[in-house]
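Trainee: I would like to learn how to read a protein model, one feature at a time. Please show me the general idea, then the case at hand.

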Amino acid sequence: MGIVTRDLTEITVVGEDDTGLIAEVTSLLFERSINIEDLDQAVREGVFRMTMRVDTSEMVTTEEKLREDLTELGDGLGVDVQVRFPADRETQTIAVLVTKESHCLEALFEAWANGDLGADIEVVIGNHDDLEPLAAKYDVPFHDIGDEKGTPDEDQLLDLLAQYDADLIALARYMRILSPDVVFRYESRIINVHPSLLPAFPGASAYMQAIEEGVRIAGVTAHYVTTDLDQGPIITQRAFNVPDDATEEELQQIGQPLEAEALIEAIKLHLNDEVNVHRGRTKLRDPEETSAQLGAPEKLDQLNPDRPIDGLGEFVAEDDGEIEADD
């Protein structure tokens, strides 16, 4: 998986798996002098996904005509084709998915209001309506796509995401698993925050899992969303000590501010194109020029002992005398 740069056009093809799909699309692009810079494909639960990043700077067609031609081709093949040309707007946009917990959404709104987010929050989509008043406070549209049990209507979700055309989708404690039909369309553009130091304690009730396993250090993780639950490339993490006899509620009180902080840090890194993903691991594009806290604070390194380590035994070996332990 790679992260989209704003200089390339992204083409995503999603639908039922069938032979010849790749050849049909790539032939169309070749005929229009469009160079394919990167191509990735996958199949999950019968859903086919192909993502291409292409150079359209010298194509012999217009953006509107290319989009029309790809849509027509997709209709003929029975697949959905999305095209995202390099953004020409100054400010990027975010769609936020929520359930009932407010802390991450509140932090996002505050960062946006203070001019610290670097993007505009265009829409909030929830599978419950609990956080609609918070969105209304900031005059942001809110859409409830859940039924009485909170089961989301993913067709409606896809329609809304297409309508608002956000650069990034932030899961601000959205407590539902996104299907491959959604993830494949927006892969590398969905960031989630999970209340554990992944890969430990994935899934539900992560804080309780930490208590039950007796860990001394717990934490939170912001990561890219893939079709594998809580296994996407990790962007930022925060850690904290687990007090003796701590309850789940007490860990939530410690962890929730860190969840918001890690999520916002990851969002900024993504929007500024300061991270890329290689073989499942995120790396800063320019570590010397990027100020970010990816993990624990740097001052922690100063507190950790720096010896003994393997390789220092040579100093002991230089002593010809034999050292005997005290009785």
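Trainee: Which residues in α7 meet α8?

Mentor: Start with the term: contact means heavy atoms within 4.5 Å. Here Tyr 207, Met 208 and Ile 211 of α7 meet Glu 248, Leu 251, Gln 252, Gly 255, Gln 256 and Glu 259 of α8. By class, this contact of α7 with α8 has four nonpolar, three polar and two charged residues. Ala, Val, Leu, Ile, Met, Phe, Trp, Tyr, Cys and Pro count as nonpolar, Asp, Glu, Lys and Arg as charged, and the others, Gly among them, as polar.

Trainee: What kind of model is this, and how are residues numbered?

Mentor: This is a predicted model: local features need pLDDT of at least 70, side-chain atom pairs count only at pLDDT 80 or more, and totals for chains, interfaces and linings use all residues. Residues are numbered from 1 along each chain as its sequence is written, and side-chain values use heavy atoms, with hydrogens and water left out.

Trainee: What counts as a helix or a strand?

Mentor: Both are DSSP runs, numbered from the N terminus: helices are H or I with at least four residues, strands are E with at least two. Helix α7 covers residues 206-213, and helix α8 covers residues 248-271.

Trainee: At what angle do α7 and α8 pack?

Mentor: Axes are lines fitted to C-alpha atoms, for helices over the stretch in contact, and angles run from 0 to 180 degrees between N-to-C directions. For α7 and α8 the angle is about 125 degrees, with the axes 10 Å apart. Under 35 degrees counts as roughly parallel, over 145 as roughly antiparallel, 65 to 115 as roughly perpendicular and the rest as oblique. Therefore α7 and α8 are oblique to each other.

Trainee: Is the crossing of α7 and α8 left-handed or right-handed?

Mentor: A crossing is left-handed if the near helix is turned anticlockwise from the far one by less than a right angle, and right-handed if clockwise. The crossing of α7 and α8 is right-handed.

Trainee: How does α3 pack with α8?

Mentor: Helix α3 (residues 103-113) packs with α8 at about 50 degrees, the axes 9 Å apart. That makes α3 oblique to α8. The crossing is right-handed. On the α3 side, the contact is made by His 103, Cys 104, Ala 107, Leu 108 and Ala 111. Residues of α8 in this contact include Leu 263 and Ile 267.

Trainee: In what order do the strands of the sheet lie?

Mentor: Two strands pair if DSSP finds at least two bridges between them. The open sheet has four strands in the order β2-β3-β1-β4, paired antiparallel. β2 (35-44) and β4 stand at the edges with a single partner strand each, so one side of each is left without a neighbour in the sheet.

Trainee: How many bridges join β1 to β3?

Mentor: Eight bridges join β1 to β3 (residues 47-55). Take Ile 11: its bridge partner in β3 is Met 52, and in β4 it stands opposite Val 83.

Trainee: Is Thr 12 buried or exposed?

Mentor: Buried means under 20% relative accessible area, exposed over 50%, partly exposed in between (1.4 Å probe, protein chains only). Thr 12 lies in β1. At 3% relative accessibility, Thr 12 counts as buried. In β1 (residues 9-16), seven of the eight residues are buried.
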